[in-house]
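This briefing covers the aromatic ring pairs of one protein model. Please look at the sequence and structure below before reading on.

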Amino acid sequence: MIFFLSAIPPAEMDSVVQKLVATLKPGGSILFRDYGRFDMAMLRNHRKGNKVAEDCYLKADGTFATYFSIEALTSIFSKAGCSALECKYCTVRLQNRKRGLTMYRVFIQATFVKEESL
């Protein structure tokens with residue numbers, strides 16, 4: 001299960017995924033869950049003007065936060081030799097009753113399979 005790709009600098013994502021896929025046997029699976037496009041944190045960061053690339057922002061602590069679209073994510077894994085069995089958005093509504101806040105989170109959840117060698 002991968003839940004860290006959003007913290008990788010955009011220029012290094014393809015390389016990280018290629019290395020990850022290289023560790024799989026043909027037919028092996030990668031379960032993926034990370035931040036999806038239009039997550040509340042993305043909208044908050046967008047207002048602060050700290051965008052460094054398409055759907056990628058630099059957080060106050062110096063780490064990256066990338067918010068994936070289905071198309072962008074499947075493209076990254078496709079270039080590394082994987083096909084998507086499933087790739088969808090998963091929306092969650094969180095409520096903090098004490099503070100009276102409702103938070104709308106968007107994640108992207110996918111299963112990728114390493115293609116068989118020819």
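A residue counts as buried when its relative accessible area is under 20%. By that cut-off Phe112 is buried, since its relative accessible area is 1%. The model is a predicted one. Searching the whole structure gives six aromatic pairs, and two of them are described here.

**Phe32 and Phe68**

- The ring centres of Phe32 and Phe68 are 5.7 Å apart and the planes stand at 80°, so this pair is edge-to-face.
- Phe32 belongs to strand S1 (residues 29-35), whereas Phe68 sits in the loop between strand S4 (64-66) and helix H3 (70-79).
- The pair therefore ties together parts that are 36 residues apart in sequence.
- Phe32 is buried, at 1% relative accessible area, and Phe68 is buried as well, at 2%.

**Phe77 and Phe112**

- With ring centres 4.0 Å apart and planes at 5°, Phe77 and Phe112 form a stacked pair.
- This pair links distant parts of the chain, as Phe77 is in helix H3 and Phe112 in strand S6 (residues 101-114), 35 residues apart.
- Phe77 is buried, with a relative accessible area of 0%.

**Cluster**

- Phe32, Phe68, Phe77 and Phe112 are linked into a cluster by ring pairs.

**Charge over a ring**

- Which residue lies over the face of Phe107? Arg33 does, at 4.4 Å from the ring centre.

Notes:
Residues numbered from 1 in each chain as written. Predicted model: local features only at pLDDT ≥ 70, side-chain atom pairs only at ≥ 80, totals over all residues. Heavy atoms only, no water. Phe/Tyr/Trp six-rings, centres within 6.5 Å; stacked < 30°, edge-to-face > 60°. Helix = DSSP H or I, 4+ residues; strand = E, 2+ residues; numbered from the N terminus. Buried < 20%, exposed > 50% of the residue type's maximum accessible area, 1.4 Å probe, protein only. Lys NZ or Arg CZ within 6 Å of the ring centre and 35° of its normal.
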